[in-house]
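My entries follow in the order of the look-ups.

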There are 2 protein chains.
Amino acid sequence: MRWTAFIREGASRAFNHRPTFSNLVLLVGAASSGGLVAYADSKSDDVVDKPQGPQKKKVVVLGTGWGGTTFLRNLDSRLYDVQVISPRNYFAFTPLLPSVTCGTVEPRSVVEPIRRILEKKGGDIKFWEAECFKIDSANKKIHCRSNIGTNLDGDGEFLVDYDYLVVAVGARSNTFNTPGVVENCHFLKEVEDAQKIRRSVMDCFERASLPYLDEEERKNSLHFVVVGGGPTGVEFAAELHDFVTEDLSKLYPAIQHLVKISLVEAADHILTMFDKRITKFAEEKFVRDGINVKTGYKVVKVSKDAITMQNPATGDIAVPYGMAVWSTGIGTRPFVVEFMKQIGQGNRRVLATDEWLRVLECDGVYAVGDCATINQRRVMEDISEIFRVADKDNSGTLTVKEIQDVLDDIYVRYPQVELYLKSRQMNGIADLVRTSKGDAEKESIELNIEEFKKALSLVDSQVKNLPATAQVAAQQGQYLARCFNKMKDAEENPEGPIRIRGEGRHRFRPFRYRHLGQFAPLGGEQTAAQLPGDWISIGHSSQWLWYSVYATKQISWRTRALVISDWSRRFVFGRDSSCI
Amino acid sequence: MRWTAFIREGASRAFNHRPTFSNLVLLVGAASSGGLVAYADSKSDDVVDKPQGPQKKKVVVLGTGWGGTTFLRNLDSRLYDVQVISPRNYFAFTPLLPSVTCGTVEPRSVVEPIRRILEKKGGDIKFWEAECFKIDSANKKIHCRSNIGTNLDGDGEFLVDYDYLVVAVGARSNTFNTPGVVENCHFLKEVEDAQKIRRSVMDCFERASLPYLDEEERKNSLHFVVVGGGPTGVEFAAELHDFVTEDLSKLYPAIQHLVKISLVEAADHILTMFDKRITKFAEEKFVRDGINVKTGYKVVKVSKDAITMQNPATGDIAVPYGMAVWSTGIGTRPFVVEFMKQIGQGNRRVLATDEWLRVLECDGVYAVGDCATINQRRVMEDISEIFRVADKDNSGTLTVKEIQDVLDDIYVRYPQVELYLKSRQMNGIADLVRTSKGDAEKESIELNIEEFKKALSLVDSQVKNLPATAQVAAQQGQYLARCFNKMKDAEENPEGPIRIRGEGRHRFRPFRYRHLGQFAPLGGEQTAAQLPGDWISIGHSSQWLWYSVYATKQISWRTRALVISDWSRRFVFGRDSSCI
């Protein structure tokens, strides 16, 4: 072994054998170590030590994003014959994509080859760089197509069998069928998108510098429009503003005063998913920075030269622009839409799973992340069965004790009950029952079916779709891997709640999302953080929390080192403005 | 000022104010500090402190490669109205391009925005990202076209006036009209080329990993062909071999034994411009490494699937391949060919300049680097005039003393004389004269014109074209900037040699190339170095010399830090194999 190879292997061995160290060393503040890092470097502790014979079930994973990768990292690959199929042979740390657009972080610093992740994990997992274009759930086959090069014989199509299919293909950008968006706007979902945006920003500056242009033409070329006031759009606008003021203004002194950044949002405010204090701070900061925040405007058309937006007060206005980034929401990929039609979900907007992430009406298919949504069972759908199960003595009425006996299972099966109680500041179901029965003594309360229905009638209002974030996808991937690892065990010793319709218990507890907080970087080393427990933090301190958390959450020591060195480099040398 | 900005500016101030420190700190070995770093961070010491009025002459520089950038860095921009035009808004450190192909160094680490270089320099130099497509030397105008985006009104064309034009546009790859090369081969001249190669290598590996391929198809996909056994081709082959053995073999264990790298060279040996010992070592090392060195084969056709090569013994053979890199020589850019026709150089292969880098038969146009060649005046063309000038007493014969008197000027004007003497191990012109006159006593020798002609008849055999290297271009750029800086001074006090045809002295000494040595990295931390004075070094030590020199030669502290951190990262974590 050459000494360089020795150094490298020694170093990576040293790193790989200390996964928890990686979670600690960079973390600033107790808050984040408690929760925010849960989708970082953790490895499953549920690995079951039972290698199986040749009849291993075939697990096929589609996608190498947050959901797919977290699933793979946590899966005990000795239990299954695992195949991974994705058009990208790497995992991308998507929360840093806005930083990639302006060169604060380099694209290669946020990606990790999936083969390296699988190699570190050990076991024999196969990866194929190809795109699934059809799921044939009746025959448990998927149709794939490789789009690499042209030298492959034939059309590059092939079939893969599965016993279990994990769909983790993410979503695509949603244009809401606005004309001209696909042709003229940039999206910001993939690493390639971020690279194109970076190049395009520089092109606008170089174009505006050319001789023989009038002031108006230069201005138009330097008008950057961000459509969508969500976290991605806001972060990109902030990054761009920093890039312009900190770096480009020095290199393009003659035109820097012509730069204009507009943030267009159809709703009345930006960052509506955040606390109002954060929204207000962000809007005020952007106005101070000279970013043109246009709330209440809906983009209806994009042409080569102008964006047309609509506002009830002004009607249609066409604004010339140099570059536009479209970041308004997510849509379902075409082959998933096709699959949904096939399994009778044609009238839904997005692939639905049950609370165990199993695709509804489809045996052996699971879905995690942005491509799917959990169809939380409503309490009111099952209310008679719940009553029957709880009414052990078949008296036709439920006592508080009878309700308490099944309460844990109810909470697990229908998390909206607990959320509802919390939202009404109630301590337990007794409070709810008492409310419905007036002020009677709790012990003596007995509810008939109608009264029971009435007491629970509003709890389903708490059912909400999970946000389309890395956090959700990662938690789902981890959850699903755990289920796969315990599949056999749980058959004998089910650990889920009582089956309300049916016998015995569910095999697993349903997936439950734990929200660990969210960041909104606002530029100028200021970040807003909304942490669990309604904890809000805005300013430089949360910027440093952001640095710590994002460094800690990196998928490998390699990307961690690269991201930190990119940040340092930016502090010392600024961002690069070469058009490559 | 925010503290981060303060840190950054402080740091870059600290770096910028110590240019010589940069040349010292990384340098290992006395040899390199003596010569090899001459085209690194040096700034002109010829800056004349004479700002001029509004009638400054217009200097237009085409190109931001080695020649153009070195010219700009050394030019006293207060003396001229300077405009730079290039389709690339950055300078690229091209000697590291082979390292970029496999991710040993990242593309952004080898580029520096030209505007940053100009900003550091100070002065008002304008840069336009556009391509010159026509030089109109009769009217002293150039026609340019911007190819950025589509939003620019009109066709993006504009005209620029010049008083002096510096053509530093480099060369393009030469396919020698071999069919299929442009369509199917990669070149390796630009940063984009290197990025495409990197992506293509990974595509070949991913393609070969797909299911349902037979062994033959996998093999073909993993056959990498490098056409051209020059330093670039050899270094790329070596880099690729390292990438495969050090990194990819771990990630693609099932197919790594199918990889084959072929290096095809039409001549009998690779690296023919190097010493024979280096050629031999390189060929032997490549054979040991399993690289298939095919010398004596000429590629005659490239199709989508196969490369056809020719050898007198075997005739045409078609070899299937996965990826091919074409690196066999350089050709002239089309607009330069057009310009050459315009100025009566239509029958030449490449733009010719005189020894002062002035384009022949064309007022006010200069050319440096790969796009031009110096038309060294032959001694035999001027032999009668030389005789006349030297024969001060008009005696019809030259004494040794008369020759000695003009010898310095002859050496400067016709460097081939000195080279010839060196090549024959002669100590001075007296030796040459004595040889032609037999063994007579030196003092008494007198030569008539025919004897003088005979004595010098072979010296012109030493006239050779300069190699198309960064070193030559950089030295030419620096030389030309010095001439521009001293233009006025030198008019009054010419510093060049006596004019052989004409009166007085030349304004400047002609350009003289100092060869500082050349490296050939051979992979596996082994490099061959051929240094001036016939000093050969092969192995690990010269690899470290290579690291030192290349780090030192970086154009800015930013790229220096990035390149070194890339090297370190590669030692610790290996190269990245993500397809982005």
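**Entry 1: a partly exposed arginine**

I started with A:Arg482, which is partly exposed at a relative accessible area of 26% (buried means under 20% relative accessible area, exposed over 50%, partly exposed in between, with a 1.4 Å probe and protein chains only). I noted that this is a predicted model, in which local features need pLDDT of at least 70 and side-chain atom pairs count only at pLDDT 80 or more, while totals for chains, interfaces and linings use all residues. Residues are numbered from 1 along each chain as its sequence is written, chains are lettered from A and ligands numbered from 1 in the order in which they are written, and side-chain values use heavy atoms, with hydrogens and water left out.

I then looked for the partner of A:Arg482 and found a salt bridge to A:Glu495, 3.1 Å from N to O (a side-chain nitrogen of Lys or Arg within 4 Å of a carboxyl oxygen of Asp or Glu). A:Arg482 sits in helix H18 (residues 470-485) of chain A and A:Glu495 in the loop between helix H19 (487-492) and strand E24 (518-523) of chain A, so the pair ties together parts that are 13 residues apart in sequence. For these elements, helices (H or I, at least four residues) and strands (E, at least two) are DSSP runs, numbered from the N terminus. A:Glu495 is partly exposed as well, with 27% relative accessibility.

**Entry 2: a pair within one helix**

I looked next at A:Arg569 and A:Asp566, whose side chains form a salt bridge at 3.7 Å, N to O. Both lie in helix H21 (residues 557-573) of chain A, 3 residues apart, about one turn of the helix. A:Arg569 is buried at 9% relative accessibility, and A:Asp566 is buried at 6%.

**Entry 3: a pair between chains**

I followed B:Arg108 to A:Asp576 and read 2.8 Å between the closest N and O atoms of this salt bridge. The pair crosses between chains, from the loop between helix H5 (97-101) and E4 of chain B to the segment after H21 of chain A. B:Arg108 is buried at 10% relative accessibility, and A:Asp576 is buried at 4%. I traced shared partners and found one network of salt bridges, with A:Asp576, B:Arg108, A:Asp566 and A:Arg569 among its members.

By class, the side of chain B that touches chain A has 32 nonpolar, 12 polar and 29 charged residues (Ala, Val, Leu, Ile, Met, Phe, Trp, Tyr, Cys and Pro count as nonpolar, Asp, Glu, Lys and Arg as charged, and the others, Gly among them, as polar).

The contact takes 73 residues from each of chain B and chain A (heavy atoms within 4.5 Å).

**Entry 4: symmetry**

I superposed chain B on chain A by a rotation of 180° with 0.1 Å of shift along its axis, RMSD 0.2 Å (least squares on the C-alpha atoms of residues with pLDDT of at least 70 in both). The two copies are thus related as by a two-fold rotation axis. In chain B, the C-alpha nearest the axis belongs to B:Ser565, 4.4 Å from it.
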